[in-house]
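Morning, everyone. Have the model up on your screens while I talk. I'll go through it piece by piece.

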Amino acid sequence: MIDYLREIISGTWSLFVGLGITIRYFFQPVVTVQYPYETLPMTPRFRGHIELVKDEETGETKCIVCGMCQKACPSNCITVNGEKREGVKGKVLTEYTLDFTKCSLCGLCVESCTPKAITFSKDYNLAGVRKEAYIFDLKKRLEAKN
């Protein structure tokens with residue numbers, strides 16, 4: 001009988017300790033963010049997927065279709081194609097595709113790009129239900145920004 005009463009008192013005491021902790025946190029400021037209605041500010045060192053950089057003088061991409069980013073990528077997630085046009089020095093970029101499902105965000109493509117034509121984006125609200133939603137045509141994305 002004494003063990004039974006001791007167990008009831010111990011359980012009641014444990015209940016009040018738990019309620020005290022709950023009440024103490026109830027009146028403290030909220031530390032969680034109600035995503036997607038609220039978002040935290042992005043840190044400057046955040047690495048999103050890569051994106052093409054626009055040349056401010058010409059308005060076109062800085063990419064010279066050298067293919068160094070494609071060769072440096074260990075995941076083989078970058079496809080770069082270009083063509084030689086008459087009257088234009090060098091190749092003209094016709095396709096720049098990133099398969100973000102394979103990308104490991106290692107940054108070797110950005111480091112190997114000597115004309116600094118690609119950089120990391122700040123996009124982090126990426127959501128999709130199909131794999132095709134993560135295959136980006138970066139040339140079209142750059143043209144859409146203009």
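Start with the surface. L15, F16, L19, I23, F26 and F27 make up a nonpolar patch there, and together they have about 720 Å² of accessible area. A patch takes residues with over 30% relative accessible area and no salt bridge; like charges are joined within 9 Å, and nonpolar side chains (Val, Leu, Ile, Met, Phe, Trp, Tyr) within 5 Å. The areas come from the Shrake-Rupley method with a 1.4 Å probe, and for residues only the protein chains shown count as cover.

A word on what we are looking at. This is a predicted model, where local features need pLDDT of at least 70 and side-chain atom pairs count only at pLDDT 80 or more, while totals for chains, interfaces and linings use all residues. Residues are numbered from 1 along each chain as its sequence is written, and side-chain values use heavy atoms, with hydrogens and water left out.

F26 lies in helix α1, residues 2–26. Helices here are DSSP runs of H or I with at least four residues, strands are runs of E with at least two, and both are numbered from the N terminus. Is F26 buried or exposed? F26 is exposed, at 63% relative accessible area. The cut-offs: buried is under 20%, exposed is over 50%, and partly exposed is in between, with a 1.4 Å probe and protein chains only.

At 1.5 Å a residue, the 25 residues of α1 should span 36 Å. The expected span is 1.5 Å times one less than the number of residues. The end C-alpha atoms of α1 are 36 Å apart, which agrees.

R45 sits in the loop between α1 and β1 (50–52). R45 is exposed, with a relative accessible area of 78%. From R45 to L93 is 48 residues in sequence and 28 Å in space, C-alpha to C-alpha.

Next, the sheet. It is open, with three strands in the order β2-β3-β5 and antiparallel pairing. β2 (78–84) and β5 (135–137) are the edge strands; each pairs on one side only. On average, neighbouring strands of this sheet are turned by 15° against each other, direction ignored. That angle is between axes, lines fitted to C-alpha atoms (for helices over the stretch in contact), and angles run from 0 to 180 degrees between N-to-C directions. Two strands count as paired if DSSP finds at least two bridges between them. In general, strands of a sheet pair through backbone hydrogen bonds, either parallel or antiparallel.

Now strand by strand. β2 is joined to β3 (residues 91–99) by seven bridges, and the two run antiparallel. I78 stands opposite L98 in β3. G82 has L93 in β3 as its bridge partner. The hairpin of β2 and β3 has six residues between the strands, and there G87 takes a positive phi near 85°. On to the other pairing. Three bridges join β3 to β5, again antiparallel. D99 has I135 in β5 as its bridge partner.

One more strand. T119 is in β4, residues 118–120. T119 is partly exposed, at 31% relative accessible area. T119 and L52 are 67 residues apart along the chain, yet their C-alpha atoms are separated by 6.5 Å.

Last, charges. How many salt bridges does a search of the whole structure find? Five. The criterion is a side-chain nitrogen of Lys or Arg within 4 Å of a carboxyl oxygen of Asp or Glu. One of them joins K145 and E51, at 2.8 Å, N to O. This pair links distant parts of the chain: K145 is in helix α4 (residues 138–145), E51 is in strand β1, and 94 residues separate them. K145 is exposed, at 57% relative accessibility. E51 is buried, at 18%.

Another is E83 with R85, closest N and O atoms 2.7 Å apart. E83 is partly exposed at 36% relative accessibility, and R85 is partly exposed at 39%. Then R130 with E132, closest N and O atoms 3.2 Å apart. R130 is exposed at 56% relative accessibility, while E132 is partly exposed at 48%.

Thanks. Over to you.
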